[in-house]
Amino acid sequence: MKKYFSSLVAALLVAALALSFAACGAKAGGAAGGTGTARTGGAEALAAMPASSYDYASGISMPDFLSDDQKDLYTAAFRIYVAYCYSDAWKPDENDSYEAPNGWGYLRDAAFENYAQLRALLGMVFTEDYVKYLESTGRYIEGTNGGAYFLNGGVGSDITYIDCTYEKKSETDDALVFDIVGRFNDDAMSGEDRDPAKDYYQTFTVTLKNTDSGWRFDNFAIPDAPGLS
């Protein structure tokens with residue numbers, strides 16, 4: 001993934017990114033209800049995605065128990081989650097920077113005319129509670145000019161990650177809960193031949209809720225990103 005670092009805030013980013021990456025993972029489930037009113041699905045979310053030179057969902061595996069629309073929604077959520085939580089952004093403008101009151105350095109994401117447009121995109125795939133949770137991490141903020149600004153720093157994927165499986169935990173007309181079980185091995189980090197006996201696993205829970213606006217993720221995670229909890 002691309003990295004965008006500003007020398008003016010490099011010292012602050014070490015602490016800022018560590019706190020924000022840890023915060024931008026799974027949370028406890030909240031109340032249902034997307035940010036919009038009309039019911040929309042995965043196809044609409046994918047169509048609303050800003051253009052990007054990087055395909056955040058290229059080659060990802062997919063739970064086979066999801067409907068076609070839910071698979072589109074999962075793909076859209078994956079792309080948005082990576083760009084939002086790990087500061088790849090969609091269209092960084094390195095000529096438009098902003099320093100927040102806490103001293104963190106941000107760059108404008110020129111893919112959005114304003115912050116409200118970014119928030120509307122989040123509401124197409126996540127519940128209102130989860131949108132608020134993402135906002136609380138400080139990864140994106142609204143500038144004084146109303147623009148969408150992202151925390152100036154990036155991070156790669158977890159190089160110990162091997163693959164993952166999906167396990168459905170429960171399903172009703174109102175909600176779908178499943179686990180992503182990621183497989184990891186430290187040998188992958190060194191480039192050595194992997195010893196399967198050293199494999200270890202971590203589980204991440206994902207929750208889909210059927211809201212008035214359509215299916216939305218109320219909890220989300222990707223297994224190969226650091227800082228998830």
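Strand 2 (residues 105–109) and strand 4 run antiparallel and are joined by three bridges; strands are said to pair if DSSP finds at least two bridges between them. Within this pair, Arg-108 stands opposite Tyr-149 in strand 4. The model is a predicted one, in which local features need pLDDT of at least 70 and side-chain atom pairs count only at pLDDT 80 or more, while totals for chains, interfaces and linings use all residues. Residues are numbered from 1 along each chain as its sequence is written, and side-chain values use heavy atoms, with hydrogens and water left out. Helices (H or I, at least four residues) and strands (E, at least two) are DSSP runs, numbered from the N terminus.

Axes are lines fitted to C-alpha atoms, for helices over the stretch in contact, and angles run from 0 to 180 degrees between N-to-C directions. Contact means heavy atoms within 4.5 Å.

In helix 4 (residues 115–122), the residues Tyr-115, Leu-118, Leu-121 and Leu-122 are buried. These buried residues fall within an arc of 120° when seen down the axis of helix 4, so they line one face of the helix; the arc is that of the directions from the helix axis to the C-beta atoms. Buried means under 20% relative accessible area, exposed over 50%, and partly exposed in between (1.4 Å probe, protein chains only). The buried residues of helix 4 pack against helix 2 (42–48), helix 3 (68–85), helix 5 (128–136), strand 3 (140–142) and strand 4 (148–151). At the N-terminal end, helix 4 is capped by Asn-114, with a side-chain oxygen 3.2 Å from the backbone nitrogen of Ala-116. A polar contact is a pair of N or O atoms within 3.5 Å; within protein, one must be able to donate a hydrogen and the other to accept it, and residues adjacent in sequence count only if both atoms are side-chain atoms.

In the loop between helix 5 and strand 3 lies Arg-139, which is buried with a relative accessible area of 0%. A polar atom of the Arg-139 side chain lies 2.8 Å from the backbone oxygen of Cys-85.

A second topic is the sheet with the order 5-6-7-8, an open sheet of four strands with antiparallel pairing. Strand 5 and strand 8 stand at its edges with a single partner strand each, so one side of each is left without a neighbour in the sheet. Neighbouring strands here are turned by 25° against each other on average, direction ignored. Strand 5 and strand 6 pair over nine bridges, and Thr-165 has Val-181 in strand 6 as its bridge partner. Val-181 is buried, with a relative accessible area of 12%. Strand 6 (residues 175–184) and strand 7 (residues 200–211) pair over ten bridges, with Gln-202 in strand 7 as the bridge partner of Gly-182.

Strand 7 is joined to strand 8 (residues 214–219) by five bridges, and a hairpin connects the two through two residues. Thr-207 stands opposite Asn-219 in strand 8. Asn-219 counts as buried at 5% relative accessibility, and a polar atom of its side chain lies 3.0 Å from the backbone oxygen of Thr-205. Helix 3 lies across strand 5, strand 6, strand 7 and strand 8, running at about 45° to strand 8.

The largest nonpolar core has 48 residues, of which Trp-90, Leu-118, Phe-126, Tyr-140, Phe-178, Phe-217 and Phe-220 touch the most other members. Such a core is a set of buried Ala, Val, Leu, Ile, Met, Phe, Trp, Tyr and Cys residues joined through side-chain atoms within 4.5 Å. Helix 3 gives the largest share of this core, eleven residues. Apart from this core lies another of six residues, among them Ala-100, Tyr-106, Ile-141 and Tyr-149.
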